[in-house]
Amino acid sequence: MKNTRSIILDSEYIVRDIEGVGMLLQMVSRDLFDSGDISKRDYLALQVLVDKLLEDIAPRTAKLIETSHSLLKANQ
């Protein structure tokens, strides 16, 4: 059970890391766009990536972790 708990905790950190990377990428891309270092097209492309990270990948990863945890508990 200790290994299972460790895997689940590591997975939760992964979700937080995904969200953190998304937020950081959002801030950095905005700063780069505001300073003129990247084009509007590049900025918008980065925002699509951020949206994918925050609105799709992170929640789906969290749901997968939750489901896996439930299945592991049910099998014990």
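Student: Where does Ser 29 lie?
Tutor: Ser 29 lies in helix H1. Keep in mind that this is a predicted model.

Student: Is Ser 29 buried or exposed?
Tutor: Ser 29 is buried, because its relative accessible area is 1%, and the cut-off for buried is under 20%.

Student: Let's follow Gln 47. Which helix is Gln 47 in?
Tutor: Gln 47 sits in helix H2. Gln 47 counts as buried because its relative accessibility is 13%.

Student: What does Gln 47 touch, not counting residues up to four places away?
Tutor: On that count, Gln 47 touches Gln 26 and Ser 29. Gln 26 is also the residue whose backbone oxygen lies 3.1 Å from a polar side-chain atom of Ser 29.

Student: OK, new topic. How many helices and strands does the chain have?
Tutor: The chain has 2 helices and 0 strands.

Student: How far does H2 reach from its first C-alpha to its last?
Tutor: H2 has 35 residues and reaches 50 Å, close to the 51 Å expected at 1.5 Å a residue.

Student: Where is the kink in H2 centred?
Tutor: The kink is centred on Leu 53, and the bend there is about 35°. Leu 53 is also one of the buried residues of H2.

Student: Which other residues of H2 are buried?
Tutor: Besides Leu 53, the buried residues of H2 are Tyr 43, Gln 47, Val 50, Asp 56, Ala 58 and Ile 65.

Student: Which residues make up the largest nonpolar core?
Tutor: That core has 5 residues: Val 15, Ile 18, Leu 53, Ala 58 and Ile 65. Helix H1 (2-34) and helix H2 (40-74) are the elements that give two or more residues to this core. The largest share, 3 residues, comes from H2.

Student: What does Ala 58 touch, if I skip residues up to four places away?
Tutor: Ala 58 then touches Val 15, Ile 18, Glu 19 and Leu 53. Val 15, Ile 18 and Leu 53 belong to the core as well.

Student: Last bit, the whole chain. How many of the 76 residues count as buried?
Tutor: The buried share is 20% of the 76 residues. The accessible surface of the chain comes to about 5,800 Å², and 59% of that belongs to carbon and sulfur atoms.

How values were computed. Residues are numbered from 1 along each chain as its sequence is written. This is a predicted model: local features need pLDDT of at least 70, side-chain atom pairs count only at pLDDT 80 or more; totals for chains, interfaces and linings use all residues. Side-chain values use heavy atoms; hydrogens and water are left out. A nonpolar core is a set of buried Ala, Val, Leu, Ile, Met, Phe, Trp, Tyr and Cys residues joined through side-chain atoms within 4.5 Å. Buried means under 20% relative accessible area, exposed over 50%, partly exposed in between (1.4 Å probe, protein chains only). Helices (H or I, at least four residues) and strands (E, at least two) are DSSP runs, numbered from the N terminus. Contact means heavy atoms within 4.5 Å. A polar contact is a pair of N or O atoms within 3.5 Å; within protein, one must be able to donate a hydrogen and the other to accept it, and residues adjacent in sequence count only if both atoms are side-chain atoms. Accessible areas come from the Shrake-Rupley method with a 1.4 Å probe; for residues, only the protein chains shown count as cover. The expected span of a helix is 1.5 Å times one less than its number of residues. The bend at a residue is the angle between axes fitted to the seven residues ending there and the seven starting there.
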